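Let's take a look at a ligand and the space around it. Have the structure open as you read.

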Amino acid sequence: MKLAPSILAADFARLGDQVAEAERAGADRIHIDVMDGHFVPNLSMGAPIVASLRPVTRLPLEIHLMISNPDLFLHEFVDSGSDSFLVHWEGNANLHRTIQRIRALGKRAGLAINPATPASVLEEILPDLDQVLVMTVDPGFGHQHFLYSTLGKISRVRQLIDCVKPECELEVDGGIDSETAKLCVEAGANVLVAGSSVFGTAKSVVEAMSRLRPGAK
Ligand code: DX5
Ligand code: ZN
């Protein structure tokens, strides 16, 4: 099981320190949420943040693009030091092309699906993916409540992945805390994205992350 802390909940005045702390605490990658105010009703950050973080950590930087036209921004994010991209199924009429572009840039390609999107949309594209991201909240904001209705879908995605491409990672994102982390892993997830439960508590990042690991109380 891998942990991908989301910097959306970090203290931006101390971003480099927070990422370094997450690395010391055993994070497997850093999850960076990019929002454009169109695809989701919120704004967040862009490629300059990736460029600033690149010298601070050796961890892979994973870019979750919640934007209307991801193809327009891929090069900029690659030049800034990104390692992988999660693009959404929703609203992308040329998804196969987007995934091929990411692969042609030599980066890992992941597909994110929203809570209302069924697992079955993955069938044709799964052979081209390195990661599937099941959104466990509606994208756009940190600190939302986990949607328990997504657990059945996580199991269905696990079955599909095991049949079609067992090496593909199954990641979950939104409302992940010590309780929901356990449920997601039981349902078949092997990468957990967590923002507020890592950076938004009174605990240290080390302690907060240890609570998300299997067997933690
Ligand atoms: C939500 C983002 C998430 C967010 C998760 O749209 O994709 O990555 O940072 O935040 P928490 O862990 O607070 O739900
Ligand atoms: Zn995310």
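## Polar contacts

Start with G175: one of its polar backbone atoms sits 2.8 Å from an oxygen atom of ligand 1. Keep in mind that this is a predicted model. G140 also uses its backbone, with an N or O atom 2.7 Å from an oxygen atom of ligand 1. S196 brings in its side chain instead, placing a polar atom 2.6 Å from an oxygen atom of the ligand.

How much of ligand 1 does the protein bury? On its own, ligand 1 would expose 380 Å², and the protein buries 99% of that.

## The shell around ligand 1

Ligand 1 is surrounded by 20 residues, and D33, G140, D173, G195 and S196 are the closest. Sorted by class, that shell holds ten polar, eight nonpolar and two charged residues.

Which element gives the largest share of the shell? That's β2, with three residues. The elements contributing two or more residues are β2 (30-35), β3 (61-66) and β8 (191-194).

## The pocket

Ligand 1 takes up the space of the largest pocket, which holds about 430 Å³. The lining of this pocket runs to 28 residues, and the ones nearest its centre are G142, H143, Q144, G175 and S196.

As for secondary structure, at least two lining residues come from each of β2, β3, β8 and α7 (196-199). By class, the lining of the largest pocket splits into 14 polar, eleven nonpolar and three charged residues.

How values were computed. Residues are numbered from 1 along each chain as its sequence is written. Chains are lettered from A and ligands numbered from 1 in the order in which they are written. This is a predicted model: local features need pLDDT of at least 70, side-chain atom pairs count only at pLDDT 80 or more; totals for chains, interfaces and linings use all residues. Side-chain values use heavy atoms; hydrogens and water are left out. A residue is near a molecule or strand if one of its heavy atoms lies within 4 Å of it. A polar contact is a pair of N or O atoms within 3.5 Å; within protein, one must be able to donate a hydrogen and the other to accept it, and residues adjacent in sequence count only if both atoms are side-chain atoms. Accessible areas come from the Shrake-Rupley method with a 1.4 Å probe; for residues, only the protein chains shown count as cover. On a 1 Å grid over the protein atoms alone, a cavity is a set of points where a 1.4 Å probe fits but cannot get out, and a pocket is an open set with protein on both sides within 12 Å along at least five of seven lines; lining residues have an atom within 4 Å of a point. A molecule sits in a cavity or pocket if more than half of its atoms lie within 2 Å of its grid points. Helices (H or I, at least four residues) and strands (E, at least two) are DSSP runs, numbered from the N terminus. Ala, Val, Leu, Ile, Met, Phe, Trp, Tyr, Cys and Pro count as nonpolar, Asp, Glu, Lys and Arg as charged, and the others, Gly among them, as polar. Grid points are joined across faces, edges and corners, and a volume is the space filled by probe spheres set on the points.
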